[in-house]
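Let's work through this one together, question by question. Keep the structure open while you read.

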Amino acid sequence: MSVAGTQPVPAPAPRQAGLGDERLARVSVLVRLLQRPELGALIGALAVYLLFATVDATPAHLFSSIAGMQNWTDAASTYGIMAVAVALLMIGGEFDLSAGVMTGTCGLLLGMLITRYAVNVWVAIVAVLVFAGIIGAINGVLVVRTKLPSFIITLATFFVLRGVDVGVTKLLTNTVRFDISDQAPGFAGAQSIFGSTFLAPYNFQDAVLWWIAVTIVATWVLTQTTFGNWIFAVGGDANAARAVGVPVSRTKVILFMYTAMSAALVGVMVALRFKGIQSGQGVGLEFFYIIAAVVGGCLLTGGYGSAIGASLGALIIGFAQIGIIFANWDSNWYFTFLGVILFVAVGVNTLVRRRAASARR
Amino acid sequence: MSDHSNGVPLLEVRHVSKYFGSVIALKDISMEVRAGEVTCVLGDNGAGKSSLIKILSGVHTYDEGEFLVEGKPVRFSGPREARAAGISVVFQDLATIPLMSVWRNFFLGSEPTIGVGPVRRLNSGFAKRVMREEMRKMGIDVRDPNQAVGTLSGGERQAVAIARAVYFGAKVLILDEPTSALGVRQSGIVLKYVVQARERGLGVIFITHNPHHAFPVGDRFVLLNRGKLMGSYTKAETSLDELTKMMAGGEELERLSKELEKMAADPEMKQVAQQMAQEVNRSGT
């Protein structure tokens, strides 16, 4: 079927010598398309788009208009930034359940630094990124050192941070939110980059540009660099990777740090855009990131997936969130819808993996 | 025997012993492998094969004896040093990552790159070309370099690991039970690669518990039993029957069958004992 290795050694018959490259080209057209992890997500995104464009109950068919696009890209963008990070981590064989609450923690830390300690907004942003890097490193080091499932370690981080978020906010403000004044030094400049809009009449969110940039860079790293090769390897089989000299622990810790720092980016965006942040921000969103990554073709067992796929997964979530409102459905169906999408995606993924991993003996 | 056999062995251990606390893992083991030869290490489970591999590949140090690579005494402090000295191990399970493509697996851990700074990237064109070339030397035409290693057969996956070790400068190839998880046909394919590696002038150490796999490809045979050297032969000095008999552990098996017979109140046990007695007779002839 695939390889002519079953023949005796001197066998390279004329058909092999002459036609090898020609057949290579023929294989790649169809098979390589089907091999792509994001193909399912692309088809899914098109289907979901068509569905909500059809059931759209708004008079001007908002969903398929540019104004509608502004809405669903807005909804999808912050999910997308996180889903890409979570996807890379998942390809590396790990989970981060604290990714959702981290967005809140980082936004709150930003609010605290700016309002309570009068720190320049830019300095505060750097501090938040460093803080997130440290939390991510703690997650990562705990996972690689204890060899416990990251599911458990980050569940613990999740609950610790969830309590800290509300506790510290109440302690300092006697309320459950930090309000950031737009008079704070550096606020205007920072907001124009992290929490503003572009394309004047439609006002797309800045986060959309960040989302696209993050997807492009992550795809580059994953598919074109040595580090990307290591991500696939540590998720595919950490022992085999270690045996050929891949720094498994370092790779995983870096992925945890990247995930936490993405959460910091999103937290900063939310806090600056809304000039303040609630102490419960982000709780529960980690599941949306995981759904987006899995819908995008990532295997829960690691070693396989794509950043573009995760972005498409986030786009599907954005479609659903906005589409259901435009369709005048009860918004609670949103969760059911995502649940069904997840079921279908996992089914397709399992089939793909069986085809890719099952060996002929 | 092959004509490379003159001169200094690529790898040689003399009277090597290894203790784990009070447990004797290996006692007084001597063996050698020469360029263009296959040395088979035969032994049942617990014979000390794994301990021997771990010493040869630098995972463990040895407590007594000598370890020579190309005539010079060595003491490796880790697998990296052993690999740098040209000793590569292909583990049965740890060889490749099934979901990754053949070319990514081939260069994993030693990826070729082009460009500098932020545009430094995998040289995938070079990697694919070299991989196909190296695989072709082993008689495998990889049509699609992007195909996942998991879609290859068990034997072909071993071939990827062997080709990779050879490309990255292995002089001595240690194959750890490469055929034990494979069916008859795939085992044959792996044996073919063993012969090929030998033809290319490598020294091959072939660890197995199956004399039927060892005898056709081996030049030297080292038999281990309970951490001790049970015998060391060149091909001319032994035969498949002899190896099989020794592997089956002649007297030991006989004793076991007698013991079983004593317990043979149970008819099922009796049957087992009879079969075992037959086995002893057959390997004895």
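This is a predicted model: local features need pLDDT of at least 70, side-chain atom pairs count only at pLDDT 80 or more; totals for chains, interfaces and linings use all residues.

Q: Does A:Asn328 count as buried, partly exposed or exposed?
A: Residues are numbered from 1 along each chain as its sequence is written, chains are lettered from A and ligands numbered from 1 in the order in which they are written. A residue is buried if 20 or more other C-beta atoms, placed from the backbone, lie within 10 Å of its own C-beta, exposed if 12 or fewer do, and partly exposed in between. A:Asn328 has 11 C-beta neighbours inside 10 Å, so it counts as exposed.

Q: Where does A:Asn328 lie, and what is its phi near?
A: Look in the loop between helix 13 (307-326) and helix 14 (333-357) of chain A; helices (H or I, at least four residues) and strands (E, at least two) are DSSP runs, numbered from the N terminus. Most residues other than glycine have a negative phi. A:Asn328 isn't a glycine, yet its phi is positive, near 65°.

Q: How does A:Lys275 count: buried, partly exposed or exposed?
A: A:Lys275 sits in the loop between helix 11 (248-273) and strand 4 (276-278) of chain A. It isn't a glycine either, but has a positive phi of about 50°. With 16 C-beta neighbours inside 10 Å, A:Lys275 counts as partly exposed.

Q: Is helix 4 of chain A roughly parallel or roughly antiparallel to helix 6 of chain A?
A: Helix 4 (residues 99-116) and helix 6 (residues 150-173) of chain A pack with their axes 9 Å apart, at an angle of about 25°. Axes are lines fitted to C-alpha atoms, for helices over the stretch in contact, and angles run from 0 to 180 degrees between N-to-C directions. Under 35 degrees counts as roughly parallel, over 145 as roughly antiparallel, 65 to 115 as roughly perpendicular and the rest as oblique. So helix 4 of chain A is, relative to helix 6 of chain A, roughly parallel.

Q: Which residue in strand 9 of chain B is the bridge partner of B:Val90?
A: Strand 6 (residues 87-90) of chain B runs parallel to strand 9 (residues 172-176) of chain B, and 4 bridges join them; strands pair if DSSP finds at least two bridges between them. B:Val90 and B:Ser88 point one way from strand 6 of chain B, with B:Ile87 and B:Val89 pointing the other way. In strand 9 of chain B, the partner of B:Val90 is B:Leu175.
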